[in-house]
Amino acid sequence: MREQLAHTEQASAVRWVDIHHNPEALIEIGAELDNVRERLHVLDANGQLLVGDLALAHLWATTPRWRWLASLTQRLHWLSAPLYNLFAKCLYRWNRQRGHW
């Protein structure tokens, strides 16, 4: 699994930033800490900020095995957005209740 992740990171040039160790990244994207904790944020190669299901679709698009899911998510954005938002809200609350932040 780690080998696959490392290969994916190298192939797609994805740079993962932990906002807890690099809080200045929040300034770069103009986001609040709780917003970034709740929803995935991605800056694409053009500097466009993608949030939520579209950010996830962008990451999937860089991964050969998951490109099909990226395409599906983008075409069904009307459905994937509310589903992603519901999941993100529940996961955020779960993490808050357990004191992960």
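## Salt bridges

Helix H3 contains both aspartate 34 and arginine 37, which are 3 residues apart, about one turn of the helix; helices (H or I, at least four residues) and strands (E, at least two) are DSSP runs, numbered from the N terminus. The two residues form a salt bridge whose closest N and O atoms are 3.6 Å apart. The structure holds 4 salt bridges, each a side-chain nitrogen of Lys or Arg within 4 Å of a carboxyl oxygen of Asp or Glu.

## Basis of the model

The model is predicted: local features need pLDDT of at least 70, side-chain atom pairs count only at pLDDT 80 or more, and totals for chains, interfaces and linings use all residues. Residues are numbered from 1 along each chain as its sequence is written, and side-chain values use heavy atoms, with hydrogens and water left out.

## Packing of H4 and H6

The axes of helix H4 (residues 53-61) and helix H6 (residues 77-97) cross at roughly 110° and come within 9 Å. Axes are lines fitted to C-alpha atoms, for helices over the stretch in contact, with angles from 0 to 180 degrees between N-to-C directions. H4 and H6 are therefore roughly perpendicular to each other (65 to 115 degrees).

Asp53, Leu54 and Leu56 of H4 meet His77, Ser80, Ala81 and Tyr84 of H6, contact being heavy atoms within 4.5 Å. These residues comprise 4 nonpolar, 2 polar and 1 charged. Ala, Val, Leu, Ile, Met, Phe, Trp, Tyr, Cys and Pro count as nonpolar, Asp, Glu, Lys and Arg as charged, and the others, Gly among them, as polar.

Note on methods
Parallel < 35°, antiparallel > 145°, perpendicular 65-115°, else oblique.
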